[in-house]
Amino acid sequence: MPILRYKPGDEAPASTTYALVGHYGESTDFVMWLNQGERFPFVTVAADYGPFWYVRVDIAHESTRAA
């Protein structure tokens, strides 16, 4: 199953939890709930650290993986 990436400023396609990740999927530990239609927040980072994306996550799965 493909992992869809959303850019800052895009509209959330569903009401659920999203995580901000690095270009290769590395965690930033920034997770948030967005309602459908809300826009993903913009982020400010040093020029050599991008790009960043939002991905839909399952909190139960993420908690298990982190343990």
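# Briefing: strands, aromatic cluster and surface features

Tyrosine 18 counts as buried because its relative accessibility is 0%, where buried means under 20% relative accessible area, exposed over 50% and partly exposed in between, with a 1.4 Å probe and protein chains only. The model is predicted: local features need pLDDT of at least 70, side-chain atom pairs count only at pLDDT 80 or more, and totals for chains, interfaces and linings use all residues. Residues are numbered from 1 along each chain as its sequence is written, and side-chain values use heavy atoms, with hydrogens and water left out.

**Overall architecture**

- The protein has 1 helix and 4 strands; helices (H or I, at least four residues) and strands (E, at least two) are DSSP runs, numbered from the N terminus.
- The order of elements from the N terminus is β-β-β-β-α.
- Of the 67 residues in the protein, 28% are buried.
- Among contacts with a separation of 6 or more, 60% are between residues 24 or more positions apart; a contact means heavy atoms within 4.5 Å.
- The protein has an accessible surface of about 5,000 Å², and carbon and sulfur atoms hold 56% of that surface. Accessible areas come from the Shrake-Rupley method with a 1.4 Å probe, and for residues only the protein chains shown count as cover.

**Strand pairing**

- E1 and E4 are antiparallel and pair over 2 bridges; two strands pair if DSSP finds at least two bridges between them.
- Tyrosine 6 has tyrosine 54 in E4 as its bridge partner.
- E2 and E4 also run antiparallel, joined by 4 bridges.
- Tyrosine 54 in E4 stands opposite leucine 20.

**Aromatic residues**

- There are 4 aromatic pairs. Rings of Phe, Tyr and Trp (its six-membered ring) pair if their centres lie within 6.5 Å; planes under 30 degrees apart count as stacked, over 60 as edge-to-face and the rest as tilted.
- One of the pairs is edge-to-face: tyrosine 18 and phenylalanine 40, at 4.9 Å centre to centre with 85 degrees between the planes.
- Because tyrosine 18 is in strand E2 and phenylalanine 40 is in the loop between E3 and E4, this pair ties together parts 22 residues apart in sequence.
- Phenylalanine 40 is buried, as its relative accessible area is 1%.
- The pair of phenylalanine 40 and tyrosine 54 is stacked, because the ring centres are 4.9 Å apart and the planes are at 20 degrees.
- Phenylalanine 40 lies in the loop between E3 and E4 and tyrosine 54 in strand E4, so this pair links parts that are 14 residues apart in sequence.
- Tyrosine 54 is buried, with a relative accessible area of 0%.
- Tyr6, Tyr18, Phe40 and Tyr54 belong to one aromatic cluster.

**Proline 8**

- Proline 8 sits in the loop between strand E1 (5-6) and strand E2 (16-21).
- Its relative accessibility is 21%, so proline 8 counts as partly exposed.
- Leaving out residues up to four places away in sequence, proline 8 touches Phe40, Pro41, Phe42, Phe52 and Tyr54.
- Proline 8 and phenylalanine 42 are 34 residues apart in sequence, yet their C-alpha atoms are 4.8 Å apart.

**Salt bridge**

- Side chains of opposite charge can pair when their charged atoms come close.
- The structure contains 1 salt bridge, defined as a side-chain nitrogen of Lys or Arg within 4 Å of a carboxyl oxygen of Asp or Glu.
- Arginine 39 and glutamate 11 form the salt bridge, and their closest N and O atoms are 3.3 Å apart.
- Distant parts of the chain are linked by this pair: arginine 39 is in the loop between E3 and E4, glutamate 11 is in the loop between E1 and E2, and they are 28 residues apart.
- Arginine 39 is exposed at a relative accessible area of 51%, whereas glutamate 11 is partly exposed at 45%.

- Val43, Val45 and Tyr49 make up a nonpolar surface patch with about 270 Å² of accessible area together. Patches are made of residues with over 30% relative accessible area and no salt bridge: like charges are joined within 9 Å, nonpolar side chains (Val, Leu, Ile, Met, Phe, Trp, Tyr) within 5 Å.
- Valine 45 is in the loop between strand E3 (27-34) and strand E4 (53-56), and its relative accessibility of 41% makes valine 45 partly exposed.
- Aspartate 29 lies in strand E3 and is exposed, with a relative accessible area of 73%.
- The phi of aspartate 29 is near 65 degrees, which is positive in a residue other than glycine.
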